[in-house]
Amino acid sequence: MEEHDQTDITDSFAQDSLVKVTGMYKDWFLDYASYVILERAVPAIEDGLKPVQRRILHSMKDLDDGRYNKVANIVGHTMQYHPHGDASIGDAMVQIGQKELLIDMQGNWGNILTGDSAAASRYIEARLSKFALEVVFSPKVTDWQLSYDGRKKEPIHLPIKFPLLLAQGAEGIAVGLSTKILPHNFNELLDASIAHLKGKKFSLYPDFQTGGIIDIQNYNDGQRGGKIRVRAKITQQDKSTLVINEIPFSTNTSSLIDSILKANDKGKIKIKKIEDNTSSDVEILVHLPNGISPDKTIDALYAFTACETSISPLGCLIIDNKPHFMGVSEMLKISTDHTVQILKLELEVQLQELENQWHYASLERIFIENKIYRDIEEAETWESVIEAIDKGLQPFIAHLKRAVTEEDIVRLTEIRIKRISKFDLDKAQQKIEALEGDIVEVKNNLQHLIDFAIRYFTNLKKTYGKEKMRKAEIRIFDDVDAKKVVVRNQKLYINRTEGFIGTSLRKDEFVCECSDIDDVIVFTEEGKMQVVKVESKVFVGKNIIHAAVFKKKDSRTIYNMIYRDGKNGTTFIKRFAVTGVTREKIYDLTQGKAQSEVLYFSANPNGEAEIVTVLLKNTGSIKKLKWEIDFADLQIKGRAVRGNTVTKYSVKKVELKEKGVSTLKPRKIWFDSTIRRLNIEGRGELLGAFKGEDKLLIATAEGTARVVTPELTLHFDDSVTHIEKWIPEKPITAVHFDPEKERYFLKRFCIEIEDKEESYIKEGGSHIFTSFEGRPVLEIEFEKPRGKEQASNLEVNAEEFIAVKGFKALGNQLTDKKIKRIFLKEALAYEPPQAQELYDIEVEGEEALVPNSDNSQISLDL
């Protein structure tokens with residue numbers, strides 16, 4: 001008995017164990033992946049919608065009666081078409097509503113700026129917008145399918161006559177692929193569609209509801225591999241306050257403030273406090289501690305916080321039930337061509353309806369005018385009635401465009417006696433002629449379909465595009481060097497004898513303040529140089545003679561060095577800059593012989609050249625044991641050069657006799673209006689060659705001016721209209737209006753206080769015109785008074801009109817007539833003070849620089 005049972009169990013186990021799941025897994029996974037791609041995550045090219053979005057809009061059309069509906073009611077209705085939970089439908093509906101395009105919202109729908117979520121669906125209401133009703137629905141040209149349970153019909157695709165996918169954007173993660181199509185500007189999409197229909201080229205770039213500044217250099221038409229950079233719009237309210245008015249796409253004020261606080265906690269930036277005053281518009285106030293540079297802080301916010309984000313688009317959508325990758329230009333072309341086809345179908349349907357109306361109106365007129373209804377008085381059966389009417393119509397239907405059907409005759413029998421008795425032949429003829437006019441117009445539109453589509457897009461822009469201006473400003477960004485803007489949150493110490501450097505050696509010698517992302521350059525007595533990352537403690541070699549924070553590509557810091565080659569070798573002198581190195585690699589600044597020694601070393605941030613005294617050992621018959629060497633006599637070369645010979649004899653020591661001045665020529669600075677930043681790479685307009693004490697004059701459209709040091713970290717907002725190298729003695733000429741005296745005044749003045757922005761216009765007054773020429777001649781054009789003759793233009797030589805006065809002076813009265821415009825007629829020759837000549841040494845590898853004598857200016861026409 002036991003043996004028999006054991007055999008049955010073994011056979012049963014053998015049969016069960018032979019089942020393979022490989023095929024099932026392969027089929028099931030593929031089915032699941034296809035479902036997620038087609039039914040959940042990726043939009044279709046035809047209407048730019050995911051299934052849940054399409055079903056929401058269809059449900060809203062079902063419920064539409066012109067009034068608002070509870071969102072909870074719409075969600076419940078959508079569940080007849082969408083086989084998923086109410087939460088996913090509600091979330092999708094809120095996202096559509098927040099785009100402010102298809103849904104007219106009422107109640108608390110959340111805030112994309114602050115990240116606040118919408119109220120529960122039972123508390124908020126919605127209805128379709130006028131735009132959605134015009135462009136999204138057209139039941140007569142819509143293809144339908146059964147819903148998931150077979151009870152309802154739903155559209156396969158909505159006949160949307162607008163590039164909705166590109167206007168709203170789309171994002172979804174499926175199985176094995178994802179999509180990220182960025183939103184674009186409403187009016188620019190319509191302009192691009194019109195350009196495509198006209199056969200012209202067009203370009204499309206993203207636009208975001210949150211605004212901000214975007215760099216689209218690497219957008220790559222929204223295809224894979226592309227990237228855009230988005231920045232918050234940050235302005236300086238005063239020396240200790242920054243204002244963030246617009247934020248990057250995909251962020252909100254809460255996440256942005258969190259990132260700023262984290263950067264502050266890590267020591268990357270230094271802030272005092274943050275105030276969030278955001279409501280309908282973004283306003284984040286960042287308060288800075290005393291002594292912190294606002295310009296550097298702006299760069300640091302871009303470098304270390306969510307104030308700058310990078311977005312990688314990925315254009316993936318469904319075409320013929322398969323995912324396809326393409327750029328936004330191709331998407332727009334397909335969408336526009338699809339819209340043209342929908343317009344054609346609608347025109348064809350409209351033409352058919354008009355022809356049917358004309359046909360029936362003509363039959364009705366014939367039927368009543370010729371009193372054919374009397375022919376049925378003797379008819380006794382329905383068939384005889386139809387036959388009698390048909391026979392009576394035959395003599396009058398030659399001009400009809402199609403044959404008369406039994407259905408047409410049945411409709412004639414349904415005409416009421418009251419209508420026949422009050423039939424107006426003239427009105428009937430007018431109706432027929434109006435229908436004929438409509439038919440001609442529709443046929444003309446079909447024959448000129450492209451022109452009709454262009455008019456359609458133009459009308460959409462005129463009707464709905466007035467308040468849909470671009471919000472994100474397109475601008476090319478400069479790259480922020482994090483090491484230049486990071487807050488020095490660490491202290492660097494050095495143990496020269498043992499050769500250690502780091503932030504934890506608090507008992508040893510303090511070097512400087514640094515950050516945890518800085519590099520440190522170190523020189524030793526053996527003539528070795530090394531660059532290492534800031535650490536708590538790192539060994540760099542014994543007998544350190546110099547250590548400092550290393551600045552990459554710094555050609556202005558010049559190292560002066562005198563060294564002995566080998567134990568008893570020749571002594572050499574050299575000057576060099578270190579612009580780039582490999583981290584942690586040891587460089588030999590001597591010729592590599594054992595027991596070489598550095599006898600003198602100095603690091604000069606502005607290329608200073610000192611005078612040193614060389615003392616020789618008193619050995620043998622050396623006549624001259626002491627002499628002076630001026631480093632200014634040497635050329636600046638690379639770090640690997642041997643240098644010039646000082647002496648073959650043994651040197652006792654080298655002493656500093658006299659500190660030197662900079663031997664570098666003035667640095668040329670340019671202003672790049674594209675990115676609105678200063679640079680030394682030659683991009684944009686040349687401002688001039690600046691020495692260490694030279695300043696920059698900055699003026700705004702509001703009539704304010706300030707003089708600052710020309711640091712490359714300076715930011716220039718849109719209000720800045722003029723930048724030039726400042727000459728303290730050169731006067732500025734301004735015209736302003738005083739509302740109290742109702743007069744225009746002209747003043748000439750010089751900037752009196754540096755590093756402070758001040759208004760040179762009287763409080764409450766209006767800035768009219770400013771000239772930064774030293775001796776301008778102005779021409780003034782007046783407004784024409786009503787009922788009076790036009791006043792002649794007034795020519796004013798500013799130098800003769802008024803002497804140079806104080807910054808706050810009101811000036812001399814110019815006129816009481818209303819000024820239309822002022823322009824510079826002539827700039828008389830102005831002789832600037834002669835600059836003192838310097839003894840200049842060229843830096844190898846740099847462009848030859850010369851002192852600036854032409855006082856270059858830039859006026860920004862914004």
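Glu754 and Lys695 form a salt bridge, with the closest N and O atoms 3.8 Å apart. Glu754 sits in the loop between strand 40 (743–749) and strand 41 (758–759), and Lys695 in the loop between strand 35 (685–690) and strand 36 (696–700), so the pair ties together parts that are 59 residues apart in sequence. A salt bridge here is a side-chain nitrogen of Lys or Arg within 4 Å of a carboxyl oxygen of Asp or Glu. Helices (H or I, at least four residues) and strands (E, at least two) are DSSP runs, numbered from the N terminus. The model is a predicted one, in which local features need pLDDT of at least 70 and side-chain atom pairs count only at pLDDT 80 or more, while totals for chains, interfaces and linings use all residues. Residues are numbered from 1 along each chain as its sequence is written, and side-chain values use heavy atoms, with hydrogens and water left out.

Glu754 is partly exposed, with a relative accessible area of 37%, whereas Lys695 is buried at 15%. For these words the cut-offs are under 20% relative accessible area for buried, over 50% for exposed, and partly exposed in between (1.4 Å probe, protein chains only).

Another bridge turns up between Asp738 and Lys762, whose side chains meet at 3.1 Å, N to O. Asp738 belongs to strand 39 (residues 732–738) and Lys762 to the loop between strand 41 and strand 42 (766–771), so this pair links parts that are 24 residues apart in sequence. By the salt-bridge rule, the count comes to 44.

Stepping back to the whole chain, there are 18 helices and 47 strands. The chain has 862 residues, and 46% of them count as buried. Its C-alpha trace spans about 155 × 130 × 45 Å along the principal axes.

Ile124 and Arg564 are 440 residues apart in sequence, and their C-alpha atoms are 84 Å apart in space. Ile124 lies in the loop between strand 2 and strand 3 (125–128) and is buried, at 2% relative accessibility. For Met326 and Asp149, 177 residues apart along the chain, the C-alpha separation is 34 Å. Met326 is found in the loop between strand 16 (322–325) and helix 11, and it counts as buried at 11% relative accessibility.

Charge also gathers on the surface. Lys296, Lys484, Lys551, Lys552 and Lys553 form a positive patch, and one of them, Lys484, is in helix 17 (residues 482–485). A negative patch is made by Asp375, Glu377, Glu378 and Glu380. Glu380 has its place in the loop between helix 11 (328–369) and helix 12 (382–393), where it is exposed, with a relative accessible area of 77%. Patches are made of residues with over 30% relative accessible area and no salt bridge, with like charges joined within 9 Å and nonpolar side chains (Val, Leu, Ile, Met, Phe, Trp, Tyr) within 5 Å. Lys and Arg count as positive and Asp and Glu as negative, leaving out His and the chain ends. Each charge is placed at NZ of Lys, CZ of Arg, CG of Asp or CD of Glu. The accessible areas come from the Shrake-Rupley method with a 1.4 Å probe, and for residues only the protein chains shown count as cover.

Glu100 is not a glycine, yet its phi is positive, at about 60 degrees; Glu100 sits in the loop between helix 5 (86–98) and strand 2 (103–106). Asn220, also a residue other than glycine, has a positive phi near 60 degrees. Asn220 lies in the loop between strand 8 (213–215) and strand 9 (228–231) and is partly exposed, with a relative accessible area of 41%.
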